Amino acid sequence: MNVLARVAVLATAMLAMPRAVLPPLEVGPQQVVETQHPITCTHTRLTDEVEPWKILRTLELVREMGAPTVVEYFPWAYYEPEAGIYDFAAAELRIDLAANQGVGVVARLGGIVPSWARPQNADGTPGPDTFLPEEHFPDFADFVAAFVERFDGRLAAIILWNEPNIALEWGFRRPDPEAYTRLIRLAADRAHAADPDLIVLAGALAPTLEPEGSDLALNDLVFLERMYAAGAADVLDGLAVHAYGLSFPPDDPPAPDALNFRRVELVREVMARYGEGEAPIYVTEMGWNDSPRWTRAVRPGVRIDYTIAALAYAEANWANVPAVCIWAFRYPAPQRSYGDYFTLVTPEFVRKPIYDAVRDWAVEDLWP
Amino acid sequence: MKSEHLVGLLRRLNWPARLGLAALVVTAAAGALWVGGTILAPDDRIWARIQSERVLRVATDASYPPFSAVGPDGALYGLDVDLANALGDRLDVTVRIENITYDALLQALASERADLVISAFVADLNQLDDAAYSEPYFVSGLRAVVPHDDPGELDSLAPWTWAQARVLGVEYGSMGDVLSRQWARRVAGLTVERYETAADALDALLAGEVTAVLVDAVTAHAYVGAHDAVRLSGPTLDPEPYVIATGARSPQLLREVNRILAELEADGTLSALRQKHLGINND
């Protein structure tokens, strides 16, 4: 065989290699999450995970950690590439594998707007991917209804959009609580029509102290007050809330001008003023960061202590909080930034000590 | 070569050989396009502006000593600040350094508010639309520290072998702790002692409580620089190269940065900066 032929054979073999070495996904028997603290939850990042075995491995580790619930993100644009044309195969895989592991899924819907529903830039290209013009609000409601119908009875809850009080998530426009409330009124009605038992949550607000009139964001408590004033309580079953501790301990007292874990209690006060004091709050993102590179981080050991203490505090002191979800379980690839120091497991599936600590807290007394 | 000769040659090749030849032609064409694209790249207007205004704008997040931080007098200091000024000297331009939060550093390049990011920055290959990266000027990651008379040397290919039968000190919860837990599952006799901080683990080494420690490179360098009784062992594990970022469309500026970095390395300037700020060299 001459050299060129050898090169050709080698190239052909290399092309064939991925198919040859990738085993088919073997999903085992139905599993159950065993935990002594069912409040334990984590936000997975399976959205951009490509390989099915990694999705399964992630959910196995979640189960073994003793977390019966995950929050997962389902971007609208991924599932409705053309208006009215839905492709839920990727969501199906994730929700099926979670069910196999006995893990409930709180589905965060929205985020990325399909290009066909975005405004056009001057050059004809689609505008910002979080920009949803009001004329397309009914399209989002259609998507939510289609998603809920597809996964009828298989979702723990849904979340409508994410952090609408920051411009980044609102098409780089000034956040607008009344417009957002109009959006979720449409979507929640459609979701409830599709599944009357489904728990529908408003999108968690970004904890921020930005004042009225800021183009960047709006104080989460102010935004929430205006949402309720606009009638959000009529259609919601509860709220999703983000509760980052930053550099403060988990028992740091809440205050309107403080961003800390117990800010959740101020959210509850707003809810109570609008007759929603007993409605569930899902803490869909929480945690501390231990990057040496970020000013709002803490040392790794402190992060572990604070995280466990926060879970225990919420369980002991907060009524109607079914889940406190640690951001983030694992990223599919390194972010090469301080974000990597929020995770419990590395992209290579190496468990960090904080994973072991949460698992020990959630399940250690279950085993002899 | 006449075309009929070429056709005749091709006919004498069997199919695998023809496929291989086709692959070579495609690769050569792609290579030519790549090289040509570099040569024929559009003008680097950032570089042109630096040349005309004689000002180099550098963004840094001054929250990470000893690389970049704010001193008691409000002035920025650190290895990154000195490196920015060294670049400015070699380019014969004025350096203006702006303190920008870490999250916004690459945006500062994309919006052309800054020409360079020098900020203990690890190259993010997901951000190649917005940024290009220089050769590294420092490699962070994890370093092993041992007593000066320790006869062993950590081998990056099988570090667990080096760790066998040692008492290893780490910071609880850190990436050193992560690695030590992995090694402890692979070798017998490894004992891991966990401390609240990396400095506590290093102090335990001096006190003889542990026989080696595994801590972040910056802390390790500073400690070794200040204590003659201990030394680094082996290469950096899980290396994180710190680089200078330019805008993605500033190829001339990037070439100049790399050229000057090579100069600074060759004439000892970078080595001196690492010695000054980190306590030890980092080749």
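In chain B, strand 2 and strand 3 (residues 68–70) run antiparallel and are joined by 2 bridges. The model in which this pairing is found is a predicted one. The two strands belong to an open sheet of 3 strands with the order 2-3-4 and antiparallel pairing, and its edges are formed by strand 2 (63–64) and strand 4 (76–77), each of which pairs on one side only. Across the pairing, Tyr64(B) stands opposite Ser68(B) of strand 3. Ser63(B), which has its place in strand 2 of chain B, touches Thr295(A) and Ala69(B) when residues up to four places away in sequence are not counted. The C-alpha atom of Ser63(B) is separated by 8.7 Å from that of Tyr102(B), although the two residues are 39 residues apart along the chain. Ser63(B) is classed as partly exposed because 18 other C-beta atoms lie within 10 Å, whereas 20 or more would be needed for a buried residue.

Chain B contains 11 helices and 12 strands, and 39% of its 283 residues count as buried. Of the contacts in chain B with a separation of 6 or more, 72% are between residues 24 or more positions apart. The domain assignment divides the chain into domain 1 (45–138 + 241–278) and domain 2 (140–240), whose C-alpha centres lie 31 Å apart. The contact between them takes 5 residues from domain 1 of chain B and 7 residues from domain 2 of chain B, and the side contributed by domain 1 of chain B has 5 nonpolar, no polar and no charged residues.

The largest nonpolar core has 102 residues, and those with the most contacts inside it include Val144(A), Ile159(A), Leu201(A) and Val283(A). Helix 6 (residues 177–194) of chain A supplies the largest share of this core, 7 residues. Apart from this core lies another, of 76 residues, among them Trp294(A), Ile50(B), Leu154(B) and Ala212(B). Beyond four places in sequence, Ile159(A) touches a set of residues including Val106(A), Leu109(A), Leu201(A), Ala240(A) and Thr284(A).

Trp161(A), in the loop between strand 4 (157–160) and helix 6 of chain A, has a positive phi of about 75° although it is not a glycine; Trp161(A) counts as buried because 23 other C-beta atoms lie within 10 Å. Arg54(B) likewise has a positive phi, of about 60°, and lies in the loop between helix 3 (45–53) and strand 1 (55–60) of chain B, but Arg54(B) has 12 C-beta neighbours inside 10 Å and therefore counts as exposed. A cis peptide bond with omega about 5° joins Pro65(B) and Pro66(B), and Pro66(B) has its place in the loop between strand 2 and strand 3 of chain B. In chain A, the peptide bond from Trp327(A) to Ala328(A) is cis, with omega near -5°, and Ala328(A) is found in the loop between strand 8 (323–327) and helix 10 (353–363).

How values were computed
Residues are numbered from 1 along each chain as its sequence is written. Chains are lettered from A and ligands numbered from 1 in the order in which they are written. This is a predicted model: local features need pLDDT of at least 70, side-chain atom pairs count only at pLDDT 80 or more; totals for chains, interfaces and linings use all residues. A nonpolar core is a set of buried Ala, Val, Leu, Ile, Met, Phe, Trp, Tyr and Cys residues joined through C-beta atoms within 7 Å. Helices (H or I, at least four residues) and strands (E, at least two) are DSSP runs, numbered from the N terminus. Two residues are in contact if their C-beta atoms, placed from the backbone, lie within 7 Å. Domain bounds come from an automatic or database domain assignment. Ala, Val, Leu, Ile, Met, Phe, Trp, Tyr, Cys and Pro count as nonpolar, Asp, Glu, Lys and Arg as charged, and the others, Gly among them, as polar. Two strands pair if DSSP finds at least two bridges between them.
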